[in-house]
Each structure stands twice: as C-alpha cells, then as structure tokens.
Amino acid sequence: MITIKGTQFADNEQDSVELTTVGRLYRRGEAYYICYNESEATGFDGAKTTLKVEGDRRVTMRRTGENMRSQLIIEKGERHQCFYDTGYGAMMLGISGDDIISCLNDSGGHLRVRYTLDVNASMASENELQVDVEEYYPS
C-alpha cells in the first residue's frame, strides 16, 4: 500500500494532493523502486509512475502514459534541467534538490523529498513529496 502526499508552496499559498494506491516496492542493487498507477485525483489518470530512490542523495521520477513521458531528477544540493510533459504540453523545468530522507527497506518505509522548481530560471514553487509504503495483504 502506497500513500503519496505532494505539497506545493507558491505565491504564499499551499496546495496538497494525496493518493493512496496499491503498487510495488522492490530493490535492484543499492536502489529502491516504487511503482504505482496514477489516478484522476492527481491529474495523471492512466499514467504509471516509477520512483528510483538512491539513498538520501537522489530520486528519479519517471512518468509514462498515453502521449505522456516525463523524467524528473531530484538530487540533494544539485540543480537539473528536466523534461516534463503534462499530457497537455511539455516544458523544461529546473529542479533543485533541497533535502532527501529515505527510510526504505525491503518491506516498506518512508521517503521525504523537498525540492524547488523553476521555469526559465524564475522560481515557480517549493515542493515536498512524502511517500509511505506498507506491506498490503488483501483479505
């Protein structure tokens, strides 16, 4: 069971989206992967999201779906230019990783990522992503 909460701070306002879904957690080498299907609540219905978590230093988010493909790289203390497709149009975003805390293990855990987005070098928003993963046993 995966619970994702995304919070965006922009123009002195705060907006949050929360999603609880069934997904998959697995480890490959030193990285953990969290995979889940998006829903209408997030605005990306029909898309699949994969988070590759490389400890407390780097998280790569890949989102794929019909006419949609995005990859965001969030690396602590670094800024990356990333291609982001909303399904309605694509853009280049700057992503500066502020903090990453990963407490994941083979049976679940918690991930918190704080980052800043900029468009054309102008700050667009500060963001926080919290992901909780628990083992799920359907009845």
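Okay, let's start with a pair in this predicted model: aspartate 99 makes a salt bridge with arginine 112, and the closest N and O atoms sit 3.1 Å apart. Aspartate 99 is in strand 9 and arginine 112 is in strand 10, residues 108-119, so this pair ties together parts that are 13 residues apart in sequence. How exposed are the two partners? Aspartate 99 counts as buried, at 16% relative accessibility. Arginine 112 counts as partly exposed, at 24%.

Staying on strand 9, which covers residues 90-105, have a look at serine 102. Is serine 102 buried or exposed? Buried, because its relative accessibility is 19% and the cut-off for buried is under 20%. And what does serine 102 touch, once you leave aside its neighbours within four places in sequence? The contacts are Val53, Gly55, Asp56, His110 and Leu111.

Back to salt bridges. The count comes to ten, and I'd like to show you a group of residues that are linked up. Glu54, Arg57, Arg58 and Glu75 are joined in a network of salt bridges. Another piece is arginine 57 with glutamate 75, where the closest N and O atoms are 3.9 Å apart. Arginine 57 is in the loop between strand 5 (48-54) and strand 6 (58-65), while glutamate 75 belongs to strand 7, residues 68-75, so this bridge ties together parts that are 18 residues apart in sequence.

Last stop, the loop between strand 1 (2-10) and strand 2 (13-21), where you'll find aspartate 11. Asparagine 12 is in the loop between those strands as well. So what is there to see in the backbone? Aspartate 11 has a phi near 50°, which is a positive value in a residue other than glycine. Asparagine 12 also has a positive phi without being a glycine, near 60°. And are these side by side residues buried or exposed? Aspartate 11 counts as exposed, at 74% relative accessibility. Asparagine 12 counts as exposed too, at 86%.

Note on methods
Residues are numbered from 1 along each chain as its sequence is written. This is a predicted model: local features need pLDDT of at least 70, side-chain atom pairs count only at pLDDT 80 or more; totals for chains, interfaces and linings use all residues. Side-chain values use heavy atoms; hydrogens and water are left out. Helices (H or I, at least four residues) and strands (E, at least two) are DSSP runs, numbered from the N terminus. Buried means under 20% relative accessible area, exposed over 50%, partly exposed in between (1.4 Å probe, protein chains only). Contact means heavy atoms within 4.5 Å. A salt bridge is a side-chain nitrogen of Lys or Arg within 4 Å of a carboxyl oxygen of Asp or Glu.
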